[in-house]
Amino acid sequence: MNLYLRTHVAAAPAEVWEGFTRELFLALAPPFPPFKLLRFDGCRRGDEVHLELGAGPLRQRWTSLITDHGITANGAYYFVDEGDKLPAPLRYWQHRHLLQPAPGGGTYIVEDLEYRTASPLLDRLLWPAVWAQFAWRQPIYRRWFGRPAAE
């Protein structure tokens, strides 16, 4: 299942790239499910992010590996995180982050992700919850990196 969201912010791509820190990661966390950040190396190839989701006996680990990062020919920064250890019911997770120069200034922060469970039906049923988790980020990005003047 795929999800694609785009948020326009005022800051330039290089500034947004530098702002993808542990502090921003924590600020982006939605209120549910509860989580604890166990490890955050950064957003460069070879870095890892480890989370513990849920509470009590329902706690599950999530480990993501940053498998690629760079700058494209048109000046867009990017990095890719892939699920290494995923909480049930997820079986596959790839999240591509693209920080594209926006026409007229600023940056489009693109969240392009693909996920799978054991069932295409369950994938579709989860889509609204996954969408909500990432739509939650849009106003936070604008607080951190500014709202574009045109909006």
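This is a predicted model: local features need pLDDT of at least 70, side-chain atom pairs count only at pLDDT 80 or more; totals for chains, interfaces and linings use all residues.
The side chains of threonine 117 and aspartate 123 are joined by a polar contact of 2.6 Å.

Threonine 117 is located in the loop between β7 and α3. With a relative accessibility of 9%, threonine 117 counts as buried, because the limit for a buried residue is under 20%. Leaving aside residues up to four places away in sequence, threonine 117 touches Pro89, Leu90, Arg91, Leu122, Asp123 and Leu126.

One of these neighbours, Pro89, is found in the loop between β5 and β6. The peptide bond from alanine 88 to proline 89 is cis, with omega near 10°.

**Strand β7 and glutamate 111**

Strand β7 comprises residues 107-116. Seven of its 10 residues are buried, so β7 is largely enclosed by the rest of the structure. Strand β1 (residues 2-9) runs antiparallel to β7 and is joined to it by eight bridges; in this pairing leucine 3 stands opposite leucine 113. Strand β6 (residues 92-101) also pairs with β7 in the antiparallel sense, over 10 bridges, and here leucine 99 stands opposite isoleucine 109. β6 and β7 form a hairpin with five residues between them, and glycine 104 in the turn has a positive phi of about 85°.

Which residue does the side chain of glutamate 111 join through a polar contact of 2.5 Å? The partner is the side chain of histidine 95. Glutamate 111 lies in β7 and has a relative accessible area of 2%, so it is buried. Not counting residues up to four places away in sequence, glutamate 111 touches Leu3, Tyr4, Leu5, His95, Arg96, His97, Phe134, Arg137 and Tyr141.

**Strands β2, β3 and β4**

β3 is mostly covered, with five of its six residues buried. β3 pairs in the antiparallel sense with β2 over five bridges, and with β4 over six bridges. Phenylalanine 35 has leucine 53 in β3 as its bridge partner, while valine 49 stands opposite serine 64 in β4. The hairpin of β3 and β4 has six residues between the strands, and glycine 54 there takes a positive phi near 85°.

Glycine 46 is placed in the loop between β2 (35-40) and β3 (48-53). Is glycine 46 buried or exposed? Its relative accessibility is 56%, so glycine 46 counts as exposed, the limit being over 50%. The C-alpha atom of glycine 46 is separated by 6.2 Å from that of threonine 67, although the two residues are 21 residues apart along the chain.

| Strand pair | Bridges | Facing residues |
|---|---|---|
| β1 and β7 | eight | leucine 3 and leucine 113 |
| β6 and β7 | 10 | leucine 99 and isoleucine 109 |
| β2 and β3 | five | phenylalanine 35 and leucine 53 |
| β3 and β4 | six | valine 49 and serine 64 |

**The largest pocket**

About 1000 Å³ of space lies in the largest pocket. The pocket is lined by 38 residues, and the closest to its centre are Pro33, Leu53, Trp62, Trp93 and Gln133. By type, the lining divides into 28 nonpolar, eight polar and two charged residues.

Which elements each supply at least two residues of the lining? They are α2 (22-28), β2, β3, β4 (60-71), β5 (77-85), β6 and α3 (120-135). Five residues come from α3, which is the largest share of the lining.

Two of the residues closest to the pocket centre, Pro33 and Leu53, connect this space with other local features. Leucine 53 is the bridge partner of phenylalanine 35. Proline 33 lies in the loop between α2 and β2, and a cis peptide bond joins phenylalanine 32 to proline 33, with omega about 0°. As a general point, most peptide bonds are trans.

How values were computed. Residues are numbered from 1 along each chain as its sequence is written. Side-chain values use heavy atoms; hydrogens and water are left out. Helices (H or I, at least four residues) and strands (E, at least two) are DSSP runs, numbered from the N terminus. Buried means under 20% relative accessible area, exposed over 50%, partly exposed in between (1.4 Å probe, protein chains only). A polar contact is a pair of N or O atoms within 3.5 Å; within protein, one must be able to donate a hydrogen and the other to accept it, and residues adjacent in sequence count only if both atoms are side-chain atoms. Contact means heavy atoms within 4.5 Å. Two strands pair if DSSP finds at least two bridges between them. On a 1 Å grid over the protein atoms alone, a cavity is a set of points where a 1.4 Å probe fits but cannot get out, and a pocket is an open set with protein on both sides within 12 Å along at least five of seven lines; lining residues have an atom within 4 Å of a point. Grid points are joined across faces, edges and corners, and a volume is the space filled by probe spheres set on the points. Ala, Val, Leu, Ile, Met, Phe, Trp, Tyr, Cys and Pro count as nonpolar, Asp, Glu, Lys and Arg as charged, and the others, Gly among them, as polar.
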